[in-house]
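Good morning, and thank you for joining this group meeting. Please look at the sequence and the model as I speak.

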Amino acid sequence: MTPVGWMVVPSIGCWVAATALFGMQTGAEIFLGMIAPLAVTVASWVSIERAHKRDPQRVTGILMAGFAGKLVFFGGYVLVLLRVFGVRPMPFVISFVAYFIALYLIEALALKRLFNS
């Protein structure tokens, strides 16, 4: 399975299981905590792979530029969902942090594999 598959399949599976276990409202908040980290890591990985195929030395620049954009995006995303849409903080934040850590761990392991190949 590709790194994108390792990001998407377990994320969706965990969300479905959590929704079945905790109900639709909590499932929706878990989904909101999952979708931004998932979308950003998938987009990040696709751009990293493309850059690596063209010129492996460009990957560091892509990572640095992405870091600044992610910092602004995630800050705004969390702020808007908590302040504007009023999602319950506990399920959203726990979900967001858990998916963020897990997905970036997968991306880091994929990067290691990419550079070792």
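Helix α4 gives the most to the lining of the second largest pocket, with 4 residues. This is a predicted model, in which local features need pLDDT of at least 70 and side-chain atom pairs count only at pLDDT 80 or more, while totals for chains, interfaces and linings use all residues. Residues are numbered from 1 along each chain as its sequence is written, and side-chain values use heavy atoms, with hydrogens and water left out.

A helix here is a DSSP run of H or I with at least four residues, numbered from the N terminus. A pocket is an open set of points on a 1 Å grid over the protein atoms alone, where a 1.4 Å probe fits, with protein on both sides within 12 Å along at least five of seven lines; lining residues have an atom within 4 Å of a point.

Which residues line the second largest pocket? They are Met-1, Thr-2, Pro-3, Trp-6, Trp-45, Ile-106, Leu-109, Ala-110 and Arg-113. Helix α1 also supplies at least two residues of this lining.

Let us turn to the largest pocket. Here too α4 provides the largest share of the lining, 9 residues. Of the 17 lining residues, the closest to the centre are Ser-11, Cys-14, Ser-95, Ala-98 and Tyr-99.

Finally, consider burial, meaning under 20% relative accessible area with a 1.4 Å probe, protein chains only. In α4, the buried residues include Ser-95, Tyr-99 and Ala-110. In α1, Pro-3 and Ser-11 are among the buried residues. After α1 comes Gly-23, with a positive phi near 100°.

Notes: Buried < 20%, exposed > 50% of the residue type's maximum accessible area, 1.4 Å probe, protein only.
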